[in-house]
Amino acid sequence: MTSESGIGARAFFREFLANPRYVASAVPSSRALAALMVRELPARGPIVELGPGSGVFTHAMLERGVDEADLHLVERHPDFARRLTISFPRATVHHGDAGRLPALFGHMRIEAMVSGLPLLSLPRATTYRILEGAFRLLVPGGSIIQFTYGPKAPVPPKMLKRLNLKADFVGATLLNLPPARVYRIRRADEG
């Protein structure tokens with residue numbers, strides 16, 4: 001069995017077993033979760049995807065009409081990055097760490113971000129660096145779409161407050177293993 005991007009379920013499962021802190025689940029995200037993740041994205045980019053893994057969300061963005069050339073995929077795992085480069089040749093694949101977004105993108109202004117990162121299992125300092133760096137790059141009104149397997153927003157309230165952010169519930173799907181909830185993280189003073 002392979003996902004739309006050609007990364008097999010077995011390979012995905014092996015990566016989960018090898019490093020569960022950085023691979024959110026033992027199986028790739030479902031099409032139902034992917035559709036929920038991309039439904040509020042702008043049609044134009046640049047759009048950054050953090051931790052695209054097997055490319056399920058990437059594929060959903062393309063189905064929604066986002067131009068592949070507007071996509072920037074940030075993947076730290078070398079095998080996933082290589083496969084994403086082959087599967088999405090017009091997208092820009094950045095083999096690197098999402099905790100170093102300003103170093104990866106410089107002064108580029110980003111319209112939106114989609115995150116497949118397992119924020120709940122990352123150290124809080126790492127989550128803070130990712131969010132702080134992301135909002136340095138996002139245009140006014142830009143946001144991060146983030147999923148979680150937990151019952152509430154994947155960013156602690158104190159961290160949101162410290163970064164002047166808020167997390168709005170977008171929706172949930174039971175058609176994912178495990179079931180997932182989606183949040184839109186944005187600047188607190190932007191509506």
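This dialogue reads a few features of the structure above.

Me: What should I know about the model before I start?

Reply: It is a predicted model, where local features need pLDDT of at least 70, side-chain atom pairs count only at pLDDT 80 or more, and totals for chains, interfaces and linings use all residues. Residues are numbered from 1 along each chain as its sequence is written, and side-chain values use heavy atoms, with hydrogens and water left out.

Me: How many helices and strands are in the chain?

Reply: Helices (H or I, at least four residues) and strands (E, at least two) are DSSP runs, numbered from the N terminus. Here the chain has seven helices and seven strands. Along the sequence the pattern reads α-α-β-α-β-α-β-α-β-α-β-α-β-β.

Me: What share of the residues counts as buried?

Reply: Buried means under 20% relative accessible area, exposed over 50%, and partly exposed in between, with a 1.4 Å probe and protein chains only. Of the 191 residues in this chain, 50% are buried.

Me: How do I read the contacts?

Reply: A contact means heavy atoms within 4.5 Å. Take the contacts in the chain with a separation of 6 or more: residues 24 or more positions apart account for 66% of them.

Me: At what angle do helix 2 and helix 3 pack?

Reply: Axes are lines fitted to C-alpha atoms, for helices over the stretch in contact, and angles run from 0 to 180 degrees between N-to-C directions. Helix 2 (residues 31–38) packs on helix 3 (residues 56–64) at about 60 degrees, with the axes 9 Å apart. That makes the pair oblique. Angles under 35 degrees count as roughly parallel, over 145 as roughly antiparallel, 65 to 115 as roughly perpendicular, and the rest as oblique.

Me: Which residues make the contact?

Reply: Helix 2 supplies R31, L33, A34, M37 and V38, while helix 3 supplies V56, F57, H59, A60, M61, E63 and R64. By class, the residues of this contact are eight nonpolar, one polar and three charged. Ala, Val, Leu, Ile, Met, Phe, Trp, Tyr, Cys and Pro count as nonpolar, Asp, Glu, Lys and Arg as charged, and the others, Gly among them, as polar.

Me: What do the buried residues of helix 2 pack against?

Reply: They are L33, A34, L36, M37 and V38. They pack against helix 3, strand 4 (110–115), strand 5 (138–148), strand 6 (165–173) and strand 7 (180–187).

Me: Where is D97 found?

Reply: D97 sits in the loop between strand 3 (92–95) and helix 5 (101–105). D97 counts as partly exposed because its relative accessibility is 31%. Leaving out residues up to four places away in sequence, D97 touches V74, R76 and L104.
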